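Hi,

Here is the structure I said I would pass on. Have a look at it first, then read my notes below.

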Amino acid sequence: MGATSRACALLFALAASGHASFLLPRADSPKVESNVATPELEIRAFPNAPDGYTPQNTTCPSTRPTIRSASALSDNETSWLEMRRNNTMDPMRDLLGRLNISGFDAESYITKYANNASALPNIAIAVSGGGYRACLNGGGAVQAFDSREINSTAAGHLGGLLQSATYLAGLSGGGWLVGSIYVNNFTTITGLLDNNASPVWQFGNSIFEGPASGSIQVLDSAEYYTDIEHEVSGKGDAGFNTSVTDYWGRALSFQLVNASDGGASYTWSSIQLQESFANADSPMPILVTDGRAPGETLISGNTTIYEFNPFEFGTWDPTTYGFVPLEFLGSNFSGGILAKNEQCVRGFDNAGYVMGTSSSLFNQFILDVNQTSIPQLGKSFVSDILSRFSKSDNDIAQYQPNPFYGYNTKTSRVYQEPALSLVDGGEDLENIPLHPLIQPFRHVDVIFAVDSSADTNNYWPNGTSLVATYERSLNGTSADAGNLANGTSFPAVPDQNTFVNLGLNTRPTFFGCNSSNTSSPTPLVIYIPNSPYIYQSNVSTFDPSYNTSQRDLIVENGYNVATMGNGTVNSTWPVCVGCAILQRSLERTQTAMPQVCTQCFADFCWDGTVNSTNPAGYEPAYKLAPAKKSAATREGVSYSFAAIVATAILVTAL
């Protein structure tokens with residue numbers, strides 16, 4: 001790939017921002033939304049980096065940080081979980097009570113096991129990648145699961161599921177969603193959209209012009225580019241390797257953290273200092289990225305999957321098999337320790353850089369910057385950046401020094417590498433971040449897997465991510481590693497053709513309903529694929545801007561996808577969600593399954609049927625009345641751009 005042509009993904013992925021507004025109710029949609037009281041957005045996480053975007057050497061704590069083995073949960077996560085599992089009891093009691101499962105007394109059941117939280121359901125939510133489509137569709141699902149949103153606890157709704165969850169994972173565009181929520185004080189989706197509460201999600205004004213606030217542009221384009229260049233250069237001048245992802249992450253932060261300065265001082269590890277997280281009043285956020293050497297092609301079986309949580313960065317995989325304290329990422333570890341003459345680096349885990357690392361896929365598409373309509377200033381900026389990097393590492397985030405240098409020398413693929421190269425978490429086709437959630441040490445019972453992948457020709461999901469995760473669970477990367485594999489397993493799923501032929505990609509489906517069919521503990525997976533309820537939310541991953549109406553309609557459609565139109569498409573869906581939440585817990589406590597749940601599993605569980613014939617063209621129909629087309633007129637999107645991207649994808653495939 002040519003340097004200039006590979007690059008412009010940076011700017012396309014740095015896509016555009018626009019004015020935020022309330023989500024307004026639509027008369028023809030069962031979803032009803034309203035403004036809500038949300039956490040104050042002016043205090044965003046903690047600006048605790050010592051020197052803005054530039055990492056700095058600082059004094060180490062009295063107990064010097066070390067790399068730990070992945071043979072158990074960290075002490076920090078273990079302590080946090082003791083609080084979190086107890087804190088999910090009341091929201092779960094309320095949620096299950098509202099779902100009104102016939103023949104089941106939620107109040108009595110939870111009270112009975114109140115002194116043994118491990119007996120109760122352990123819930124996780126996973127939000128797939130897919131650019132702004134995934135961020136917004138996943139945002140609709142999170143909004144539906146959040147009891148703080150108005151009407152989310154009404155009949156047919158699922159508000160409280162977020163408050164009942166232990167983990168919330170994302171990658172790429174789903175990682176933008178998760179990161180934006182947490183860096184902004186675990187706010188609501190409405191809070192991110194609301195124009196009257198320091199709006200964050202401004203996706204209409206082109207990023208090439210700089211962010212906008214109201215009708216006034218905060219920075220002109222020249223100042224905007226100069227500031228990004230200055231911040232990244234500062235990191236390089238301090239002796240740290242930089243990559244295209246540094247520029248991408250900085251620009252991304254203006255859309256997801258704040259539009260005034262992009263939150264240069266905000267770190268991912270600072271999430272652990274937030275009151276909501278420190279008190280375990282919110283789920284643990286996890287972002288996923290893949291390890292990859294420059295020029296290497298990833299498949300699900302050969303990938304080392306890394307995670308960022310508020311405490312640590314590392315991997316459970318039997319290759320590297322270790323974690324570094326996230327606050328000290330960037331320090332010069334060797335053989336798992338920090339030598340006495342080495343200082344502790346802080347500020348390397350910039351929140352935007354972490355989100356950018358998980359979504360660096362955008363840098364790899366072939367697109368000639370000179371064929372686009374972006375300002376000449378932007379073209380020159382991109383060309384200048386790309387001239388500094390080789391063709392093989394334009395889509396890589398460089399983590400140097402490699403925290404796992406000299407660590408696990410018998411199994412690690414990177415122990416001799418001075419830099420750890422990381423890429424988009426979906427490059428191995430596992431576009432839903434399930435890997436951290438199926439680790440046996442976390443004991444997750446049920447995973448709500450929100451899939452906004454663009455698997456089909458017209459950008460709808462077809463189960464590819466589930467297939468990749470299942471196939472990985474069967475191959476030698478885990479199975480041949482003995483105890484190092486941690487006993488990871490995943491429920492059986494059919495092939496992609498079966499997903500389409502049986503309509504499993506048009507409606508929620510349960511996988512792993514019969515736990516006796518697995519050789520080790522396996523979560524029940526509730527697959528929730530993107531589908532048109534009131535809007536065609538299958539926008540291209542690389543569409544760079546969305547006006548307020550389109551943005552809000554994709555979120556609203558996502559809400560309806562998660563709730564099946566608040567139970568109007570299938571009236572049993574809310575009850576069946578409750579049954580899925582309870583299933584593994586009822587097995588553990590040897591409690592009889594309510595009869596209504598038996599029917600739910602008959603209706604929603606994949607029954608093992610396979611139809612692998614090539615499906616006809618997939619064009620899903622609206623499940624509810626469609627939104628008016630005029631409500632979602634695009635602003636600032638050139639349709640020739642879409643043609644260019646399609647050509648780029650074709651060229652890449654060839």
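Cys-344 is buried, with 0% relative accessible area. Bear in mind that this is a predicted model.

What does Cys-344 pair with? A disulfide joins Cys-344 to Cys-60, with S to S at 2.1 Å. The link is right-handed, at 110° about the S-S bond. Cys-60 sits in the loop between β1 (56-58) and β2 (68-69), and Cys-344 in strand β13 (residues 344-346), so the bond ties together parts 284 residues apart in sequence. Cys-60 also counts as buried, at 15% relative accessibility.

The structure holds four disulfides. Two more are worth a look.

- Cys-576 and Cys-600 have their sulfur atoms 2.0 Å apart. The torsion about the S-S bond is about -80°, so this disulfide is left-handed. It ties helix α19 (residues 573-588) to helix α20 (residues 595-604), across 24 residues in sequence.
- Cys-579 is joined to Cys-597, S to S 2.1 Å. The torsion is about -75°, so this disulfide is left-handed. Cys-579 lies in helix α19 and Cys-597 in helix α20, 18 residues apart in sequence. Cys-579 is buried at 0%, and Cys-597 is buried at 0%.

With the bonded cysteines numbered in sequence order, the pairing is 1-2, 3-8, 4-7, 5-6.

Now the helices. The axes of α3 (residues 75-87) and α4 (residues 89-99) come within 5 Å and cross at roughly 30°. The two are therefore roughly parallel. Arg-85, Asn-86 and Asn-87 in α3 meet Met-89, Asp-90 and Pro-91 in α4. Those contact residues divide into two nonpolar, two polar and two charged.

Best wishes

Methods:
Residues numbered from 1 in each chain as written. Predicted model: local features only at pLDDT ≥ 70, side-chain atom pairs only at ≥ 80, totals over all residues. Heavy atoms only, no water. Axes fitted to C-alpha atoms, helices over the stretch in contact; angles between N-to-C directions. Helix = DSSP H or I, 4+ residues; strand = E, 2+ residues; numbered from the N terminus. Parallel < 35°, antiparallel > 145°, perpendicular 65-115°, else oblique. Contact = heavy atoms within 4.5 Å. Nonpolar A, V, L, I, M, F, W, Y, C, P; charged D, E, K, R; others polar. Disulfide = S-S within 2.5 Å. Buried < 20%, exposed > 50% of the residue type's maximum accessible area, 1.4 Å probe, protein only.
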